[in-house]
Every structure is written in C-alpha cells, then in structure tokens.
Amino acid sequence: MEGLFIQTLVSGLLIGFLYALIAVGLTMIFGMMDIVNFAHGDYLMVAMYFSFWCFALFGMDPLYSLPAVTLLLFGLGILTYYLLIKPIINAPMLSQIFVTFGVLIFLRGLATFLWKVDYRMIPQTVLSGNIHLGDVYIGIPQLTAAAGAIICNGLVLWFLKKTRLGMALEAVAEDKEAARLMGINSDRMFALAWGIGIATVGVAGALLTSFYYVFPEVGANFGLIAFVVVALGGFGSVTGAFAAGIIVGLVEVLSGFLIGPQFKFMFVLVLYLGVVFIRPQGLLGKK
Amino acid sequence: MKKGIIVLIIFLGALAAFPLVYQDPFPRHMLIMIMLYAAMGIGWNIIGGYTGQVSFGNAAFFGVGAYATAILLVNYGISPWLGMIVGCFFSVALAIIVGYPCFRLQGHYFAIATIAVGEIMLLVFTNWEYAGAAVGIYMPILPESFINFEFHTSKLPYYYIILVIFVAALGVSHLVERSRLGYYCRAIKEDTDGARSLGINIQRYKMIAFSISAVITSICGTFYAQYVLYIHPTSTMDLMMSIQLCIICLIGGLGKLYGPVIGAFVFIPMTELTRVYLGSEGQGVDLMIYSMLIIILAIWRPQGLWAIFTRGTAK
C-alpha cells in the first residue's frame, strides 16, 4: 500500500512537469499580449502526429525527431501569428476568442479528415522500459519527458530573464509603447513569442508520443489541463505555471488513487475553480 | 421598421406552412434542428451577445433540461411537460450557483471558468449511475399524445412544438432587448466600470441574463430528449455544443435579435449537408469549412452576417 502510494506520487510528479511544459507557451503568449490561445492543446496534437509519422514512415524515434518537430512548430507558431493573430491584436476579446477557437476546430477537423479517429501508438521506442527503485517502477519515457520538460522550461526562463532578446520580449509585455521608443519592434517580439510558445508545446508533444496515444481529440484534455495550469499559476507567470503543473499532476493522481480514476480530472477542475474564485489572478499572478 | 415586421410575418408564415407543403421527413428534420439551435442560440445571445459574457457552459443547461425530463419520466412516469418546468427550475438554480462566483471573473477568466463548469457537469453525468452514467437514458415508448410529448408516426407535432418554442424565445429576446434589462446588459458589455459607476448592479443583471439564457436552453433540452428519445452525456453536454451556440451567434451577429436565427439557418444546413454528402470519407471536412468561416468572420466582419443584410438601412 505504501509502495503504491509512493508510486502514485512519483507518477503525478513526472506528469506534472510535462503539464508545466505544455502550459508554459500558453502563459507566455497570454502574458505578452492578453490573448488566450484556445487551440494550444491542438498544436500539441499536431506535434504528436508529426512525431508519430516520422516513426511510422521513416522509422525515426520520437526522441530523434524532436528537433525537427520543435522547428516545425516554431514555424507554425510564427505563421499563426502573422496570418491570424496580427489582424486581431487590437480587436475586441470576442473576436480573439473566436479566431483561436476557429484554429482549434480547424486543426481537429484536419486531423480527423487526414488520419481518421483511430488511436495510434508507437509500440516500441528507444526509451521503452522501466527503472526499478525499491518498490517503485519508473517508466523511462515518463522520466525522460519530465527531464525534458524541466530542461525546456529552464531554458525558457533563462531566455526571458537573462538574454537581451528575452528581456526585449518582457519589455514589450510590460509596456509596448515604451519598448517601441527603445527601438524594440513589438511586432517581431509578438511573432517570436508565438514561435517559442508553440515550439515548447512541440517539445512536449514529441516527448509525449513515446508513451501516449495519438488521436485527433488528444489536444482537448491536455489543452484544458494547460488552461487550468495557467490560470492556477497566474496568467503570464512562467514560474507560476511550473508550480501549478506539479500541483495539477499531484492532485490528478492522488484523487485518482484515493477516490477513483474516473473522477481525477473532475478534482483538477474543482481545484481550479476553487483557486480562481478566491484568487482570480492565480497563485503567482500579478493583479 | 414596418418593413421588418412584414418580413418577419412572411418568414414565420413560411415556416409554419413549410411542412404542409413539403412532406418529406428530411427537410422537416432539418428545420426542426435549425429552429432548435436558433432557439438555443437566442438563449446564448442574451448572456453572450447582449451582456458580453462568453459562456462556454451553456450546454450544461441543455443537459439539465434533458436529464430532468428523462429521469422524471422514466422513474416516476411524470409528464415531460412537468419535467420541462422542473428542468427550468434546476437550470436556473445551476445558473445562480455557477454565476455567483464566476461573474466576478472577467473576460477570458470567465470563459475558461465556464468551460471548467461544463466539463465538471459532463463528468458528473458520465459517472452518475442513477442518471444512466455513460450509457445514458432511453425514454420509454408511450402512446402518442400531446401530454406524453411523444409522436411516432410523424414529425409534424414536433415541428410545431419547436416552432412555438422558437417564436417564444424570439419574443423573450425582443422583450429583453427593449427593456431596461437589455440596456443595462449592453452597458455592462460596453463598459463594465462605467455601468457600475452609474449605479447598475452588475452582478444582479448578469445573473438575470444568465437565468433567462438557462431557461431557454433548458426548454430546448427537454424538447431534444423527447424528440430523439435517447440521451447520453456527450449528446447533451459536450463542450462542442456550447461552442456551436457561440458560433451560431457569431455567424449571424452577436447581440442582434435575429443574429442567432440567421446563424442557425446558415450553420445547421452547412454542417448537416456536408456530413450527408461527404459521408464518412469526408469526416472532419465540415469542421474545417465552418472553422474557416468563423476565422474569416471574426477577423473581417465581427458584426456577423446581419450587418451585411442591414448595411445602409440601420446603424
């Protein structure tokens, strides 16, 4: 019983890191330009399909195709910004919501049309296997995903806080006009934020493909979890998303363990509602 | 304005006469679905269009209406008409319970909170044994009668019932638009802080608008349960349904009386026909087509199609 409990905690922690990685792009884009990308989870789906087809067609392991997926999603993010987001950057909130929702529906429709609703999974990857620590089994793909998520989130944080480009990005988020007077092109910064934001979800998708099914609706649940993580951590807060990702991962597995797996997602949502009702700006968000 | 009334009378007259002229079941079914979604769209428009609170949880009211009716009929043999009233009661209760905390959130925060509420409702009903869990509820087949709200030989009675519901919803929306409530709602949408500074009780009017929206949607849920005679959680409470209601309003025109009507007349045939003609090979194409329409409308014409029809005649 105790071993099982520790096992549960460990798997919650591992998936929590991945949730944080999925959410970090969402929170970055929101923090910069006050736009919620409702299609965030569906970019994850696109990344997962890309990884899957790299394996199915070329026998390329998801781990090796990861750089290509990341680059592809980076480009997709920039394309999305110039094509769809730039025209509505000053539009009413409703227009912004509908555009990103439109992207969500489009990507799901496209995936359903091209690849049908079948669940697909890569049977054997270079990461398959378990590590045995006492009573606790840790899946190597899950461990790799968690490690990848920590590294990737660390890189994003380092980029935002320590590099000139990252600081320029934060400056635009802080005050667009003042940043412009300093010679920062806000348009390019927004595009960069979309590129990085979508690229991080690409990394998450590539890591996830090693141990999770791919299907057209796969983004729905992960997307919703990303919103919960972002809202819980505070919109725009990267460190908040990191903390919230772990909390959500733990709440999910613990409620699944103690109450029943069918209710685990419900408790995550209840926790989220509880937090935003008491603290609308989230745990680490600015008012 | 007078021209508008004449057009409306001709339109409703044509709707009433349609099934008498065309006897085929498919067009009747199509119009029933159009009117059902138009009525729900009108319900969504009151909270989302006039008041500007984007609710992605309205399908929950539809589900509550459908389930209240089904549970009362199956377990206690209570007429669906009473079930309809009970459903409305529960929907308003839900609107108040959900609205009270959620309406303190603004913009995106409110939208995401309503998604969470909708998903919680879906999960509750999917796991609730008493309500049939994931399998759902089959309605008992009763003799055809108005009181039983079941008609097996023809869709005609269903057609006229939904026509009445649709016209009633339109009437309620018209009253809201013209009343003090409607002005308050639009003030809240345009400038919440400004409205508050003028002494408008923001919370209260959002709640009233949400409750009216809930009642209309719940009645539609009852109708759906009796029309299809089988309900399950994903057919009545799916997030996609809530999204479709918003889309219908966006296509027609947000916060416009006839917006959801135009939206439903464009949207429902579009999805039904692409589904029929493309078959299983074209699965997903309907989603692609209407998502492109939404994106184009949201970017270039956020006022919806209504604005195109009335360009030059009204502001």
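Helices α5(A) and α6(A) are roughly perpendicular to each other, because their axes cross at roughly 80° and angles of 65 to 115 degrees count as roughly perpendicular. This is a predicted model, so please read each value below as computed from predicted coordinates.

**The α5(A)–α6(A) pair**

- Two packed helices are described by the angle between their axes and the distance between the axes.
- Here, helix α5 of chain A spans residues 140-162 and helix α6 of chain A spans residues 164-174, and their axes come within 5 Å.
- On the α5(A) side, the residues that meet α6(A) are Phe159(A), Leu160(A), Lys161(A) and Lys162(A).
- Their partners in α6(A) are Arg164(A), Leu165(A), Gly166(A), Met167(A), Leu169(A) and Glu170(A).
- By residue class, this contact holds five nonpolar, one polar and four charged residues.

**The interface of chain B and chain A**

- In this interface, 41 residues of chain A are in contact with 43 residues of chain B.
- About 3,700 Å² is buried between the two chains, and carbon and sulfur atoms give 83% of that area.
- In chain B, the residues that lose the most area to chain A are His108(B), Tyr109(B) and Ile112(B), which together make up 18% of what that side buries.
- As for specific interactions, there are zero salt bridges between chain B and chain A, while three residue pairs are in polar contact across the interface.
- Four helices of chain B, namely α4 (80-102), α5 (108-127), α11 (239-252) and α13 (285-300), each supply at least two residues of the side that touches chain A.
- With 13 residues, α5(B) gives the most to that side.
- The side of chain B that touches chain A divides into 32 nonpolar, eight polar and three charged residues.

**Positive phi angles in chain A loops**

- Asp34(A) has a phi near 60°, a positive value in a residue other than glycine, and is found in the loop between α1 (2-33) and α2 (40-58) of chain A.
- Lys116(A), also not a glycine, has a positive phi near 60° and sits in the loop between α4 (93-115) and β1 (130-133) of chain A.

Methods. Residues are numbered from 1 along each chain as its sequence is written. Chains are lettered from A and ligands numbered from 1 in the order in which they are written. This is a predicted model: local features need pLDDT of at least 70, side-chain atom pairs count only at pLDDT 80 or more; totals for chains, interfaces and linings use all residues. Side-chain values use heavy atoms; hydrogens and water are left out. Axes are lines fitted to C-alpha atoms, for helices over the stretch in contact, and angles run from 0 to 180 degrees between N-to-C directions. Angles under 35 degrees count as roughly parallel, over 145 as roughly antiparallel, 65 to 115 as roughly perpendicular and the rest as oblique. Contact means heavy atoms within 4.5 Å. Ala, Val, Leu, Ile, Met, Phe, Trp, Tyr, Cys and Pro count as nonpolar, Asp, Glu, Lys and Arg as charged, and the others, Gly among them, as polar. Buried area is the accessible area (1.4 Å probe) that two parts lose on being put together, summed over both. A salt bridge is a side-chain nitrogen of Lys or Arg within 4 Å of a carboxyl oxygen of Asp or Glu. A polar contact is a pair of N or O atoms within 3.5 Å; within protein, one must be able to donate a hydrogen and the other to accept it, and residues adjacent in sequence count only if both atoms are side-chain atoms.
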